[in-house]
Amino acid sequence: MAKQRSDKPEIKPYKGPAGGWGSVRSLAEILPREHVTPDTIRQLARQNKPDGFMCVSCAWAKPADHHPAEFCEEGAKATAWELTTRRTTPAFFEQHTLSELRGWRDYDLEQHGRLTHPLRYDPATDKYVACGWEEAFDGIGAALRPLDPKSVVFYSSGRTSLEASYMYGLMARMFGNQNLPDSSNMCHESTSVGLKAAIGVPVGTTQLKDFEACDCILFFGQNVGSNAPRMLHDLRSARKRGVEIITFNPLKERGLERFTDPQNPVEMATGGETQISTQYHQVKTGGDIAAMLGIAKFLVEWDDAALAVGDPPVLDRDFIAQHTKDFEAFADHARKAEWADIVRESGLEQSALEETARVYAKAKAVLAIYGMGLTQHVKGVENVRVLVNLLLLRGNIGKPGAGPTPVRGHSNVQGQRTVGITEKTELVPVDKLKELYGFDPPTEKGLDTVETCRGVIQGSVKAVIGLGGNFLRAVPETEAMEAAWPRLDLSVQIATKLNRNHLFPGKVTYLLPCLGRIEEDVQESGPQAVSMEDSTSCIHGSRGKAKPASPHLLSEPRIVAEIAKRILPPNPRIDWDGWVADYGRIRDAIEATYPAIFQDFNQRLFTPGGFWKGNKAAERIWETPSKKAEFLVPTGLSATGFGDAEGRFRLMTLRSNDQFNTTIYGYHDRFRGVKGTRDVLFIHPEDMPGAGVVEGQIIALESDAGDGTLRRREGLIVTPYDIPRGCLGAYYPEANVLMPVEHHAEQSHVPAAKSVPVRICA
């Protein structure tokens with residue numbers, strides 16, 4: 001029988017700050033709920049510390065000079081979630097069919113506990129049954145070998161270590177394809193494409209030390225309080241020394257408003273708070289290009305006026321002349337832009353944008369922090385490019401305290417790309433792979449996430465291997481994807497817990513349980529360590545010491561190696577077993593492949609604060625075709641990719657502070673005042689009469705993509721909220737059913753989840 005929610009939904013405003021006693025109470029609640037042991041507390045003390053383990057949730061940087069507790073509320077939840085003593089054994093699957101389990105909530109599936117044994121799907125009973133590891137690997141090999149390599153997809157979650165990622169990408173290429181979609185395809189691929197085109201590198205240019213050198217921070221489309229709470233320490237420190245933080249975000253997120261440091265006894269005792277944002281502008285979802293162009297317009301015209309009367313320039317004319325291309329085209333575009341259009345599209349007053357521009361113009365070093373609020377739009381790449389334009393106007397790239405700072409989600413999603421998890425040949429040293437391993441790597445572009453979804457629905461994709469993650473839940477077009485998945489010849493999912501993807505088997509299906517990052521990984525040469533890359537391009541070692549959840553678990557490198565041995569011919573240059581026996585040998589291989597980044601990899605593995613992989617744009621070396629940083633003239637003012645129409649709303653999907661990506665830790669979005677439900681529709685009170693709805697009404701949303709396909713999300717509770725007019729909010733991933741596969745960012749193919757055209761229905 002499907003589990004049902006026992007608590008009654010409760011929606012009321014939350015008045016507390018981010019952090020503070022709210023975080024303490026949340027942690028005190030989740031630890032007993034996960035039935036953790038005292039060892040979990042000992043592991044938390046090692047989290048994000050030198051010679052400790054890297055948090056399994058977000059990718060925010062790990063400081064060398066760490067706090068006593070170098071974990072946040074979300075990180076503690078992730079650790080408790082992984083170290084739970086709850087178990088999902090073969091006996092559980094004897095009692096439940098997959099058809100029945102599809103009626104369970106996402107939370108209840110994962111909350112049941114850690115997987116303990118390798119499992120094979122039995123179509124006769126519609127159940128998973130225990131199988132041996134050798135049986136599983138042999139079965140996977142037998143199913144994969146006859147398939148056209150182009151029809152096989154190797155997906156990976158952003159939690160996977162550098163070591164396992166390197167092996168996985170190498171295995172895929174030796175098998176014959178670059179079908180290597182990953183979490184980056186769903187979130188920051190717009191960053192990879194946009195920054196690469198603008199400044200020659202696909203990642204941000206800043207490090208933690210830049211927070212100590214900046215005097216202004218521009219913040220766009222990222223919810224720090226829920227998605228990267230440890231950054232609040234850096235923002236708090238910046239505010240304490242007078243740094244202006246100017247935020248553009250559709251919703252008033254508490255972490256960007258007020259913060260009480262849980263590790264500060266005085267603040268905890270007195271209720272002291274730090275105001276984070278000095279200006280907070282609630283831009284319309286999809287209105288960031290208009291807002292940024294408005295700031296640029298004011299700066300350009302102010303600079304024009306200054307030059308006309310012989311005053312000092314407002315823009316960094318020397319930097320622009322020496323380091324940039326196409327400035328005049330962008331400046332002319334900004335001059336010609338009409339304020340009425342900018343105000344309409346951004347949802348902000350001209351005075352607000354001028355106020356931001358005046359602060360920006362006075363600042364000597366500016367960080368531009370952003371998240372998926374910029375990248376997950378049809379014009380997501382243009383969002384990133386226009387933000388770079390703003391930075392270039394005053395030389396805010398390549399000097400201390402300045403530069404683009406994208407906030408990555410999964411803890412190693414950026415690092416995977418560094419070691420070869422990509423569908424793009426130009427991002428991989430194929431000549432070096434050929435030299436090292438004696439094979440001809442494929443050069444045909446592989447499938448990204450959107451193309452994989454197309455292939456699954458159309459039938460050209462025959463097999464999917466999932467190294468972690470919850471692919472079916474994370475991607476758009478939920479109903480069509482779930483309907484098509486059982487047509488796969490093979491589905492292999494490597495995971496720590498049961499999730500919804502596992503409930504849709506292919507013709508042959510295996511569910512393989514792996515060690516978690518926090519658990520001790522003992523191989524032939526002894527206990528092993530792995531490595532990750534954080535959002536600031538620093539590489540960190542990670543060593544698990546917790547007792548594994550089951551003696552039957554294998555590590556991700558071991559699972560990858562065993563599959564590789566079944567699907568690839570023997571290669572005297574690759575000792576898969578030797579790599580598994582000693583992960584240091586995998587790091588040697590990574591160093592040989594990427595010597596400029598990973599020199600002395602094993603020796604530097606546990607450098608406090610990580611070792612920086614370097615960044616040419618941070619040195620003002622622009623690896624673009626023009627050898628300059630390039631301005632872009634945007635094609636329009638809206639990033640949505642669709643026009644406004646009567647009855648049409650812009651839906652943005654949201655995460656609560658009780659989840660991490662598709663993992664739901666509970667049903668309490670404390671900061672938004674929602675408890676006991678995720679079936680919520682946030683709407684501006686003044687939009688409710690026109691939409692014909694009242695508070696508490698249960699309604700449905702329908703996609704307004706105009707492609708003739710009905711996409712509908714039922715059972716949402718109308719909730720008045722401080723959100724821009726014409727915009728709606730609903731929780732991810734439950735709202736993904738409304739998003740067409742083809743509603744994605746131009747160039748980068750990131751699903752445009754922050755502005756989906758929808759209509760409210762009874």
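Predicted model: local features only at pLDDT ≥ 70, side-chain atom pairs only at ≥ 80, totals over all residues.
Two helix pairs were examined. Helix α1 (residues 20–33) packs against helix α3 (residues 73–82) at an angle of about 5°, and their axes lie 10 Å apart. That angle makes α1 roughly parallel to α3. On the α1 side the contact involves S23, S26, L27, I30 and L31, which meet E73, A76, K77 and A80 of α3. By class, this contact comprises five nonpolar, two polar and two charged residues.

Helix α8 (residues 162–175) and helix α27 (residues 583–593) pack at an angle of about 65°, with 10 Å between their axes. The crossing of α8 with α27 is left-handed. Residues L162, E163, Y166 and M167 of α8 make the contact with Y583, I586, R587, A589, I590 and T593 of α27. Seven of the residues in this contact are nonpolar, one is polar and two are charged.

The count of aromatic pairs comes to 25. One of them, W133 with F137, is stacked, with a centre-to-centre distance of 5.4 Å and 25° between the planes. W133 and F137 are four residues apart in helix α7 (residues 133–144) and are therefore separated by about one helical turn. Both W133 and F137 are buried.

The rings of F601 and F611 have centres 6.0 Å apart and planes at 80°, so this pair is edge-to-face. F601 lies in helix α28 (residues 601–604) and F611 in strand β23 (residues 611–612), ten residues apart. F601 is buried, with a relative accessible area of 0%, and F611 is also buried, at 4%. Elsewhere, ring pairs link F92, F93, W104, Y121 and Y128 into a cluster.

How values were computed. Residues numbered from 1 in each chain as written. Heavy atoms only, no water. Axes fitted to C-alpha atoms, helices over the stretch in contact; angles between N-to-C directions. Parallel < 35°, antiparallel > 145°, perpendicular 65-115°, else oblique. Contact = heavy atoms within 4.5 Å. Nonpolar A, V, L, I, M, F, W, Y, C, P; charged D, E, K, R; others polar. Left-handed = near helix turned anticlockwise from the far one by under 90°. Phe/Tyr/Trp six-rings, centres within 6.5 Å; stacked < 30°, edge-to-face > 60°. Buried < 20%, exposed > 50% of the residue type's maximum accessible area, 1.4 Å probe, protein only.
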